[in-house]
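Hi everyone, thanks for making time this morning.

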Amino acid sequence: MGQNTIFGCSSAGHSGINQLGGVYVNGRPLPDSTRQKIVELAHSGARPCDISRILQVSNGCVSKILGRYYETGSIKPRAIGGSKPRVATTPVVNKIADFKRECPSIFAWEIRDRLLSEGVCNNDNIPSDWSDMLTIVCAVDIFNLLAALACIAEVAEGRRNFNKG
C-alpha cells in the first residue's frame, strides 16, 4: 500500500483517525459490516457509549445508526449527496395553485395537510419543510402575478390599438 493510504482509503485530506483510534472517511458512510456489529452489540445489551469504544466509532455515529435502525429497521445509510426527490411536480404545483385561488391567504401547513388528505402527495413525496413549501407557494404566487400582468399588458395593448384605429 502507498504511504498516502490508511487501510486502503486515500488520506488526501478526506480521511483520518478519530479520537477513539478508528479510521473514517469524511462524508462517506460506515461499512455495512460495522453497522451490523453496532446493531448486534445493541441487541446484546451494550450501551451506545460502550459500542462506540469497542468499535472505535464516534458516539454520535453509533446513536445515529441505532436511531435509524429503531425507526426504520434498516442499517443502510441514506443516499449521499444528490438532490432530494423532486416534490414540485406539475400536479403538486397545480393543486397548490388551485388552493391559492380558492383561498389566497392559505397557510403553508394547511396546503401541506390538504395535499396529504386529498391524496396528491404521500409521506414520501410531500414537501418536507417550510423552505420547500415556501419555494413552491412563492413560485405559484409569482406565476399568478406574471399571468395577471400579461393580461393587463394585453388589455393595455388592445386599448392602444383600439384608440389608434
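Let's begin at Val23, which sits in strand 4, residues 23–25. Before going further, a reminder that what you see is a predicted model. Val23 is partly exposed, because its relative accessible area is 30%.

Let me zoom out for a moment. The protein chain has six helices and four strands. If you read along the sequence, the pattern is β-β-β-β-α-α-α-α-α-α. Of the 165 residues in the protein chain, 21% count as buried. For contacts between residues at least 6 apart in sequence, 43% join residues at least 24 apart. And for those of you who like surfaces, the accessible surface of the protein chain comes to about 11600 Å², with 57% of that belonging to carbon and sulfur atoms.

Now the inside. Which residues make up the largest nonpolar core? There are 10 residues in this core: Leu30, Ile38, Val39, Ala42, Ile51, Val57, Val62, Ile65, Leu66 and Ile75. Helix 1, residues 32–43, and helix 3, residues 59–72, are the elements that give two or more residues to this core. Please click on Leu66. Leaving out residues up to four places away in sequence, Leu66 touches Ile38, Val39, Ala42, Pro48 and Ile51. There is also a second, separate core of eight residues, including Val92, Phe99, Leu115 and Cys121.

Let's stay with helix 1, where Thr34 is found. Is Thr34 buried or exposed? Thr34 has a relative accessible area of 16%, so it counts as buried. Setting aside neighbours within four places in sequence, Thr34 is in contact with Leu55 and Val57, and Val57 is one of the residues of the largest core.

Next is Arg35, also in helix 1. Arg35 is buried and yet has no salt bridge. Which side chain of opposite charge is nearest to Arg35? That is Asp32, at 4.4 Å. What does the side chain of Arg35 reach instead? It reaches the backbone oxygen of Ile75, at 2.8 Å. Beyond its neighbours within four places in sequence, Arg35 is in contact with Pro29, Leu30, Ile65, Ile75, Lys76 and Pro77.

Two of those partners deserve a stop. Pro29 has its place in the loop between strand 4 and helix 1. With 32% relative accessibility, Pro29 counts as partly exposed. Pro29 and Arg78 are 49 residues apart in sequence, but 8.6 Å apart in space, C-alpha to C-alpha.

The other partner is Lys76, which forms a salt bridge with Asp32, with the closest N and O atoms 2.6 Å apart. Why does this pair tie together parts that are 44 residues apart in sequence? Because Lys76 lies in the loop between helix 3 and helix 4, residues 90–102, while Asp32 is in helix 1. Both ends are partly exposed: Lys76 has 46% relative accessibility, and Asp32 has a relative accessible area of 32%.

That brings us to the rest of the charged pairs. How many salt bridges does a search of the whole structure find? The search finds seven. One of them joins the side chains of Arg47 and Asp50, at 3.0 Å from N to O. Asp50 counts as partly exposed, at 21% relative accessibility.

Another joins Arg101 and Asp98, at 2.5 Å from N to O. Arg101 and Asp98 both lie in helix 4, three residues apart, which is about one turn of the helix. Arg101 counts as exposed, since its relative accessibility is 53%, whereas Asp98 is partly exposed at 30%. Salt bridges that share partners also join Lys95, Glu102, Arg114 and Glu118 into one network.

Thanks, everyone, and I'm happy to go back to any part of it.

Note on methods:
Residues are numbered from 1 along each chain as its sequence is written. This is a predicted model: local features need pLDDT of at least 70, side-chain atom pairs count only at pLDDT 80 or more; totals for chains, interfaces and linings use all residues. Side-chain values use heavy atoms; hydrogens and water are left out. A nonpolar core is a set of buried Ala, Val, Leu, Ile, Met, Phe, Trp, Tyr and Cys residues joined through side-chain atoms within 4.5 Å. Buried means under 20% relative accessible area, exposed over 50%, partly exposed in between (1.4 Å probe, protein chains only). Contact means heavy atoms within 4.5 Å. Lys and Arg count as positive and Asp and Glu as negative; His and the chain ends are not counted. A salt bridge is a side-chain nitrogen of Lys or Arg within 4 Å of a carboxyl oxygen of Asp or Glu. A polar contact is a pair of N or O atoms within 3.5 Å; within protein, one must be able to donate a hydrogen and the other to accept it, and residues adjacent in sequence count only if both atoms are side-chain atoms. Accessible areas come from the Shrake-Rupley method with a 1.4 Å probe; for residues, only the protein chains shown count as cover.
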